[in-house]
Amino acid sequence: VPRVAATRLFFELNSGGCVGWGEAPILLSVTAEDHITAMVKTREACELLRELPEMKLGHVLQEIGGILPGHRFASVRVGVEMAMIDAAAKSVGVPMWKLFGGASNTITTNITIRF
């Protein structure tokens, strides 16, 4: 079995006192981003979030999708989006699993989610 190095980026978003958390696995053989590209795009996303005026979550997600488009930046985008949605859910006092209409607070997933 070949040995590979994976990186995980952790995102902490503080929005009006509500802290949201996200995570992005970076493994070039699986994801489209390498470590350096992921860090650069993460910085760009953070700068964009600081500059955006207050707007609805859906519009912010569209803005993030604009600088992190398609499969090429999907891992970074999902980490940023996860932190944003987590903060939004906390701001209204609802757990994320319930926000998405889930009947359970557990889910099984893998390193990536493919479309």
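This is a predicted model: local features need pLDDT of at least 70, side-chain atom pairs count only at pLDDT 80 or more; totals for chains, interfaces and linings use all residues.
The mean pLDDT of the chain is 83, and 86% of its residues reach 70 or more. Among the elements, helix H2, residues 57-67, has the highest confidence, with a mean of 93, while helix H4, residues 96-99, has the lowest, at 82.

Turning to the layout, the chain contains two strands and four helices, and if you follow it from the N terminus the order is β-β-α-α-α-α. The chain has 115 residues, of which 29% count as buried, and its accessible surface comes to about 7900 Å², with 57% of that belonging to carbon and sulfur atoms. If we take the contacts between residues at least 6 apart in sequence, 51% of them join residues at least 24 apart.

Now, how do H2 and H3 lie relative to each other? The axes of H2 and helix H3, which covers residues 74-91, come within 11 Å and cross at roughly 165 degrees. Because angles over 145 degrees count as roughly antiparallel, H2 is roughly antiparallel to H3. The crossing of these two helices, H2 and H3, is right-handed.

And which residues make the contact between them? On the H2 side they are Leu57, Val60, Leu61, Ile64 and Gly65, and on the H3 side they are Arg77, Val80, Glu81, Met84, Ile85 and Ala88.

Technical notes: Residues are numbered from 1 along each chain as its sequence is written. Side-chain values use heavy atoms; hydrogens and water are left out. Buried means under 20% relative accessible area, exposed over 50%, partly exposed in between (1.4 Å probe, protein chains only). Contact means heavy atoms within 4.5 Å. Accessible areas come from the Shrake-Rupley method with a 1.4 Å probe; for residues, only the protein chains shown count as cover. pLDDT is the predictor's confidence in each residue, from 0 to 100. Axes are lines fitted to C-alpha atoms, for helices over the stretch in contact, and angles run from 0 to 180 degrees between N-to-C directions. Angles under 35 degrees count as roughly parallel, over 145 as roughly antiparallel, 65 to 115 as roughly perpendicular and the rest as oblique. A crossing is left-handed if the near helix is turned anticlockwise from the far one by less than a right angle, and right-handed if clockwise.
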